[in-house]
Amino acid sequence: MDFTGFEVRKCPPTVTYIPNFITSEEEQRILSHIERTPKPRWTQLLNRRLVNYGGVPHPNGMIAEEIPEWLQSYVDKVNNLGIFESQKANHVLVNEYLPGQGILPHTDGPLFYPIISTISCGSHTVLEFAKREGAGDDPETKDSDTPPAREVIFKLLLEPRSLLILKDSLYSEYLHSIAETNEDVLCDRIANYDLCENTYKIGDHLPRRSPRISLTIRNVPKTSKMKLKFC
Ligand SMILES: O=C(O)CCC(=O)C(=O)O
């Protein structure tokens, strides 16, 4: 696919934003599958809950698990864009954010092929980007409750049904985060207004009225098969 028309130009390289990547029916199907996910499958964190599909990434290699068919169809849809170059996505992280929840500034780190693709469902959100200051500069993975404040350089408005692709310097040199708020006030640092499905004005208040489900679809290069030892 030719992404030229979908590249966000008012920010560092490289962001691709595709509105309406999935239909409303597909979005509803995803939301109803997520709603039926058994409680023990979820990992509850302080500010969101998540489910890993495809395995749990680990420095020694992810023990690969089959991705359920309903979810694999969206992985295929992303793989068919050819964004992972010679690789294919083999992992999906499902995050659920209730209104008021978010994620601390972080990078996705070395366990993934350095390309992130995210399908958003339910509520919109605003993803914020700050410059990374050095190795270990990743509050999301630290114990600290009060990460140092960083200047937000730019933001992206992620509408439901959109696909976001982050790579290059945006993967390695910038932290991304989502503020813990019930309402986003749109400002001039949002870089993708021109690519959005809807028309917005600076100063608009967008309440987060419902949960947001994100499917973060990535490639984990190092995988292993489960070894069973019988004594
Ligand atoms: O929900 C999102 O869009 C971002 C998720 C994220 O950054 C992560 O899980 O590492």
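The model is a predicted one. Three aromatic pairs are counted in it, and ring pairs link Phe-129, Phe-154 and Tyr-174 into a cluster. The largest pocket holds about 780 Å³ of space, while the largest cavity has a volume of about 50 Å³.

**Aromatic cluster**

- A pair of aromatic rings is described by the distance of the centres and the angle of the planes.
- The count of aromatic pairs comes to three. In one of them, the ring centres of Phe-129 and Phe-154 are 4.5 Å apart and the planes stand at 0°, so this pair is stacked.
- Phe-129 belongs to strand β8 (residues 125-131) and Phe-154 to strand β9 (residues 152-158), so their pairing ties together parts that are 25 residues apart in sequence.
- Both Phe-129 and Phe-154 are buried.
- Phe-154 also pairs with Tyr-174 in an edge-to-face arrangement, with 6.4 Å from centre to centre and 65° between the planes.
- Because Phe-154 lies in strand β9 and Tyr-174 in strand β11 (residues 174-178), the second pair ties together parts that are 20 residues apart in sequence.
- The relative accessible area of Phe-154 is 3%, which is under 20%, so Phe-154 is buried.
- Tyr-174 likewise counts as buried, at 8% relative accessibility.

**Charges over rings**

- Lys-131 lies over the face of Tyr-174, 4.9 Å from the ring centre. Tyr-174 is also a member of the aromatic cluster with Phe-129 and Phe-154.
- Arg-218 has its charged end over the ring of Phe-112, at 3.7 Å from the centre of that ring.

**Largest pocket**

- The volume of the largest pocket is about 780 Å³.
- The pocket is lined by 37 residues, of which Leu-93, His-106, Thr-107, Asp-108 and Arg-218 are the closest to its centre. Arg-218 is also the residue whose charged end sits over Phe-112.
- Elements giving two or more residues to the pocket lining are β3 (49-53), β5 (91-97), β6 (103-106), β7 (115-122), β10 (163-167), α3 (169-172), β11 and β14 (212-218).
- By residue class, the pocket lining divides into 17 nonpolar, 13 polar and seven charged residues.

**Cavity**

- One cavity of 30 Å³ or more is present in the structure.
- The largest cavity, with a volume of about 50 Å³, is lined by Tyr-97, Leu-98, Pro-99, Gln-101, Ser-123, His-124, Thr-125, Ile-178, Arg-208, Ser-210 and Arg-212.
- Four nonpolar, five polar and two charged residues make up this cavity lining.

**Buried residues and their contacts**

- Helix α2 (residues 69-79) has Trp-70, Leu-71, Tyr-74, Val-75, Val-78 and Asn-79 as its buried residues.
- The cover over the buried residues of α2 includes α1 (24-35), β3, β5, β7, β10 and β14.
- Ile-30 is found in helix α1. With a relative accessible area of 0%, Ile-30 is buried.
- Not counting residues up to four places away in sequence, Ile-30 touches Ile-22, Trp-70, Tyr-74, Cys-121 and Leu-215. Trp-70 and Tyr-74 are among the buried residues of α2.
- Ile-30 and Lys-167 are separated by 137 residues in sequence and by 25 Å in space, C-alpha to C-alpha.
- Glu-128 is placed in strand β8 and counts as buried, at 16% relative accessibility.
- Leaving aside neighbours within four places in sequence, Glu-128 is in contact with Val-152, Phe-154, Lys-155, Leu-175, His-176, Ser-177 and Ala-179.

**Backbone features**

- Most residues other than glycine have a negative phi, and most peptide bonds are trans.
- The peptide bond from Pro-13 to Thr-14 is cis, with omega near -5°. Thr-14 is found in the segment before β1 (15-18).
- Asn-20, although not a glycine, has a positive phi of about 50°. Asn-20 is in the loop between β1 and α1, and at 40% relative accessibility it counts as partly exposed.
- Arg-161, also not a glycine, has a positive phi of about 80°. Arg-161 is found in the loop between β9 and β10, and at 15% relative accessibility it counts as buried.

Key. Residues are numbered from 1 along each chain as its sequence is written. This is a predicted model: local features need pLDDT of at least 70, side-chain atom pairs count only at pLDDT 80 or more; totals for chains, interfaces and linings use all residues. Side-chain values use heavy atoms; hydrogens and water are left out. Rings of Phe, Tyr and Trp (its six-membered ring) pair if their centres lie within 6.5 Å; planes under 30 degrees apart count as stacked, over 60 as edge-to-face and the rest as tilted. Helices (H or I, at least four residues) and strands (E, at least two) are DSSP runs, numbered from the N terminus. Buried means under 20% relative accessible area, exposed over 50%, partly exposed in between (1.4 Å probe, protein chains only). A charge sits over a ring if NZ of Lys or CZ of Arg is within 6 Å of the ring centre and within 35 degrees of the ring normal. On a 1 Å grid over the protein atoms alone, a cavity is a set of points where a 1.4 Å probe fits but cannot get out, and a pocket is an open set with protein on both sides within 12 Å along at least five of seven lines; lining residues have an atom within 4 Å of a point. Grid points are joined across faces, edges and corners, and a volume is the space filled by probe spheres set on the points. Ala, Val, Leu, Ile, Met, Phe, Trp, Tyr, Cys and Pro count as nonpolar, Asp, Glu, Lys and Arg as charged, and the others, Gly among them, as polar. Contact means heavy atoms within 4.5 Å.
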